[in-house]
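Hi,

Here is the structure I promised to pass along. Have a look at it first, and then read on for my notes.

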Amino acid sequence: MDRSYWRTVSLVTLWQVSASICYYTVFAATPFFRDEFGLSRFSVGFVVTALTLGYAVCLLPVGALIDRFGEKRSLTLGLVGLAAGAVTVAGAPTYALLLAAAFFLGSMYASAIPGTNKAIYDSIPAGRQNFALGIKQVGVTAGSGISALLVTGLAGVLFWQVGFLIAAGVGFVVALLFAALYSNASDGGRAEYPDFRTLSHNRPYRVLVAAGFFLGAALFTTTGYTVLYVEEEIGASVAFGGAVLALVQLFGSVGRIVTGWLSDNLPGDPRVRIGAILILQVVSGAVLFVVVAASDSALNAAIAFSVLGFFVLGNTGIYYSYMATLVTADEMGGATAAGQLSLVIGSVVAPPAFGYLADTVGYRGSWWLLATGMGLAVVLLLYAVRLEPPIDEPAMQE
């Protein structure tokens, strides 16, 4: 692989790591929000909902702007906004302002997946795209793991807001580096706005987006409640819960790389083989939620969550790889935005529902809820693989 390949992948991955450090600080800080503002588990869920709602509201318009004006300016401004949002969350004096700050932070993250996916499919040659996408998606789990260690680890030494301030500093610095070093011939305002009407007529794409609701519900609820669950149900410390969340992200990173490599190298029709890999991951995730619900010790919980991370957090790279077999390269920015919107809508609805069940019937029912959602996603994905997409040149080609 040539130098330009690794330059692009490295810069985009560095951007994604920095953006995710800022964004995922909120998930790691849920125990501190509960203590600081006297929140119930249900109310904690609304902090995550505010974050992901801001993300959801901005995804489609930002995805359209990225297709129209290119990813360089969008990603640079987005990372500056994320850094500012992290500072705003850390300084929120009331619960209401915390919700507003979380909403703003989430809205700034809307450029992340559409922009970085477009960078990969615009700049990386066919045959290398899935592996590059898997590496780039590691930036999400790596950033989340780093934020978990930052927020929970430094809270006991200094104060819980310090992790947010460090995340913001990293975001500002990387935004400057990205603006100076990233180049792409497609940046320049020559692209067109995405045709969402055409995408809506693509049946397998529509089914995949519907399945994304349940995948997003599982992913974001897992990251939002891991630390609380390990502290309250297992009886471990917040620092140990942060370490478990970091393990979840680490194994999610491994899952993204492994499935990206398999997608590029296994024989057969790419749409069928990538769809099969995604289905296997989702089935395994459903089983692992049941295993997590039965965990009764710190060691068992750490192991169960780690394996869960491989399948539940490790499936987003393959989700977008499969999407790239269903839409054209010119549609990838808008298609990614709509697909990510479905993931995020799941994350808006599921955390409060998870928290409500945890408050009323216990955490076991909450984990079973996520397992049921993954089962429904499997049914949708099996149907999607059977449908033929109405395109001649998919974004991902052999």
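How many helices and how many strands does the chain have? The count comes to 16 helices and 0 strands. Before you go further, keep in mind that this is a predicted model.

Some whole-chain numbers to start with. The chain runs to 398 residues, and 61% of them count as buried. If you take the contacts between residues at least 6 apart in sequence, 85% of them join residues at least 24 apart.

Now for the helix pairs.

Helix 4 with helix 8

Helix 4 covers residues 71–90 and helix 8 covers residues 162–181; the two pack at an angle of about 165°, and their axes are 8 Å apart. Angles over 145 degrees count as roughly antiparallel, so helix 4 is roughly antiparallel to helix 8. Their crossing is left-handed. If you want to look at the contact itself, helix 4 brings K72, L75, T76, L79, V80, A83, A84, A86, V87, V89 and A90, while helix 8 answers with F164, L165, A168, G171, F172, V174, A175, F178 and A179. Sorted by class, the residues of this contact are 17 nonpolar, 2 polar and 1 charged.

Helix 10 with helix 16

Here residues 203–234 (helix 10) pack against residues 363–386 (helix 16) at an angle of about 160°, with 9 Å between the axes. That angle makes helix 10 roughly antiparallel to helix 16. The crossing is left-handed here too: that is how helix 10 passes helix 16. By class, the contact of helix 10 with helix 16 has 22 nonpolar, 3 polar and 3 charged residues.

Helix 12 with helix 13

The axes of helix 12 and helix 13 (residues 298–312) come within 8 Å and cross at roughly 160°. The two helices are therefore roughly antiparallel to each other, and helix 12 passes helix 13 in a left-handed crossing. On the helix 12 side the contact is made by Q281, S284, G285, L288, F289, V291 and V292, and on the helix 13 side by A304, F305, V307, L308, F310, F311 and V312. What about charged residues in the contact of helix 12 with helix 13 – how many are there? There are no charged residues in it; the contact divides into 11 nonpolar and 3 polar.

A few single residues

Take T30, in helix 2 (residues 30–37). Is T30 buried or exposed? T30 counts as buried, because its relative accessibility is 1%. Setting aside neighbours within four places in sequence, T30 is in contact with V44, V48, G224 and L228.

S263 has a relative accessibility of 0% and so counts as buried. Its C-alpha atom is separated by 9.4 Å from that of G275, which is 12 residues apart from S263 along the chain. I257, on the other hand, is partly exposed, with a relative accessible area of 34%. Which residues does I257 contact, leaving aside neighbours within four places in sequence? They are F131, G134, I135 and V138. I257 and G314 are 57 residues apart in sequence, and their C-alpha atoms are 8.2 Å apart in space.

A276 sits in helix 12 (residues 270–293) and is partly exposed, at a relative accessible area of 42%. From A276 to V385 the C-alpha to C-alpha distance is 8.1 Å, although the two are 109 residues apart in sequence.

Finally, S306 belongs to helix 13. With 6% relative accessibility, S306 counts as buried. S306 touches L247 and F251, not counting residues up to four places away in sequence.

That is everything I have for now.

Cheers

Conventions: Residues are numbered from 1 along each chain as its sequence is written. This is a predicted model: local features need pLDDT of at least 70, side-chain atom pairs count only at pLDDT 80 or more; totals for chains, interfaces and linings use all residues. Side-chain values use heavy atoms; hydrogens and water are left out. Axes are lines fitted to C-alpha atoms, for helices over the stretch in contact, and angles run from 0 to 180 degrees between N-to-C directions. Helices (H or I, at least four residues) and strands (E, at least two) are DSSP runs, numbered from the N terminus. Angles under 35 degrees count as roughly parallel, over 145 as roughly antiparallel, 65 to 115 as roughly perpendicular and the rest as oblique. A crossing is left-handed if the near helix is turned anticlockwise from the far one by less than a right angle, and right-handed if clockwise. Contact means heavy atoms within 4.5 Å. Ala, Val, Leu, Ile, Met, Phe, Trp, Tyr, Cys and Pro count as nonpolar, Asp, Glu, Lys and Arg as charged, and the others, Gly among them, as polar. Buried means under 20% relative accessible area, exposed over 50%, partly exposed in between (1.4 Å probe, protein chains only).
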